[in-house]
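Me: I am new to this structure. Please take one part and look at it closely.

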Amino acid sequence: MSGPSESLLDAAGGEAPAPDARGKGKKTKQQKTGKTVRKPGFRGFSGRGGGRASYVETPPEWRGTTVQVCGLWPFGAGSGTPMVGVPLGRELTTGAALCCDPISWFQRANLIHNPSALVLGKPGLGKSTLIRRMVVGLAGYGVFPLVLGDLKPDYVDLIRAMGGQVIKLGRGLGSLNVLDPGATASVAARLPEQARAKLVADAHGRRLNIVAALVTILRGVPMADTERTVLNAALRTLDERHPGVPVLPDLIKVIDEGPERLRAVTLSRGDEGRYRQAVDPLHASLLGLLDGPMGETFAHQTTTQIQLDNPGGVCIDISGIDDADAELQAAVLLACWSDGFGAVEAAHALADEGLAPQRHFFVVLDELWRVLRSGRGLVDRVDALTRLNRQRGLGQVMITHTMADLLALADHADQLKAKGFAERAGMVICGGLPQSEMSMVNEVVRMSSAEQGMIVDWSTPASWDPTLNQDNEPPGRGRFLVKVGGRPGIPFKVELTSVEKDVNDTNKRWIHSTTRTSTSIT
């Protein structure tokens, strides 16, 4: 009778293990000798001295380049995630690194046809953290970051840490003169005649559009065509008559005086009453800009000019404007966008003439919904900005909470235009969203039922941990899905370095609050 040691030796020299459902081993018969031997199960032999493992741990895995690990493990398999762009984190299913940003995927990888991204997600799930990672990575590639209106602020600490320029706007903090051509004036003097004429014409168009937009926000309805004609003539007259940089009071003075150029476009034909009837509504609205809530911000010369010679980027901090001043917030956001794009045009004009190196820009348009809801016709202003990013050599990211933010507009035509923002975006990045959003998102980018379920699960609120007396981390924090057209989405989780964590705290007022106890979140 053979002992256990003989059975083990026989099993070691026999065929491959044949596990059964209980892991106790299986008796088999060798073909040649006909001797019955006992084979170990999936987890080894059971019983005393058998060495059965009650729990089989997952073997450790390592990732590395083929140059580093090809000799250790020659059976490597490549991952399916793109490796071009800013490293954002790890893919949730395979653990592979994901590199992604709208500029790299447009310029280098040719994965998208428009260097823009739309980021959707409920508050508190890490949208700003994701964009900050893109800002840092693109700055390392030599792309100039422009945060044109930081409301919370989410980007001030980051831009300051990179040595960039931080501009503060708001009551008692700083002013922005919407009639100031900014960098255009100094750049135009260095350009040949034809290029100078084009740059000056573009600057005139921007000033006309931003003043019209401010009046639209104040009224809640767009300006009439005749008023835009009067405003255009007044700006041209102001450029001819006013030395230096004019401000809004100078524009109002020109309309009040009524030079012949303005009277001609109003068809007053020498009748003072007809002229006043034509210009009084515009005159009253411009006075409202000065004496109303916007006056302190827009009635004076620009406090700080945008400087594009600092690789750390520019952040315009408007967090000093209270959320109750919705009109002022929207007006300042539009003015910041206009001023920023004007600086970009000036930089490109110098590069086109060989007077400066060609540069690319990454523009962050946060809280998009605030501008869209401030008045009819403002969608057209944003629409014009989002259509020309390829020609302007810049990539942009638009951030809002939900698709409903883009479609919650009174005018149906504005709703269709706002939906076009998402349709034209090169990529759509979705964080946690409620189930009600899925039908609207699916109209822009097709999603499978599994992808929709994943996004809805990420919107689940955090659970309460009674042992630590605090909320657990929300299941969707830092998790996003990248969608490009009808391609399968790439789910990933943003991973921050220790250095980044210091500039990614958007809850400072809560953490440093006097009501915070020792059991609060650290």
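Reply: G258 follows helix α9. Its phi is positive, near 70 degrees. Helices here (H or I, at least four residues) and strands (E, at least two) are DSSP runs, numbered from the N terminus. This is a predicted model, where local features need pLDDT of at least 70, side-chain atom pairs count only at pLDDT 80 or more, and totals for chains, interfaces and linings use all residues. Residues are numbered from 1 along each chain as its sequence is written, and side-chain values use heavy atoms, with hydrogens and water left out.

Now the helix itself. α9 spans residues 248–257. Its buried residues are L248, L251, I252, V254 and I255. They lie on the same side of α9, because they cover an arc of only 155 degrees around the axis. That arc is taken from the directions from the helix axis to the C-beta atoms. Buried means under 20% relative accessible area, exposed over 50%, and partly exposed in between (1.4 Å probe, protein chains only).

What covers these buried residues? The cover includes α7 (193–219) and α8 (225–241). It also includes α10 (260–265), α11 (272–291) and α12 (295–298).

Then there is confidence. pLDDT is the predictor's confidence in each residue, from 0 to 100. The protein's mean is 81, and 85% of its residues reach 70 or more. Among the elements, helix α1 (residues 4–13) has the lowest mean, 39. Strand β14 (residues 479–483) has the highest, 95. pLDDT stays under 50 over residues 1–25, and also over residues 510–522.

Note on methods. Contact = heavy atoms within 4.5 Å.
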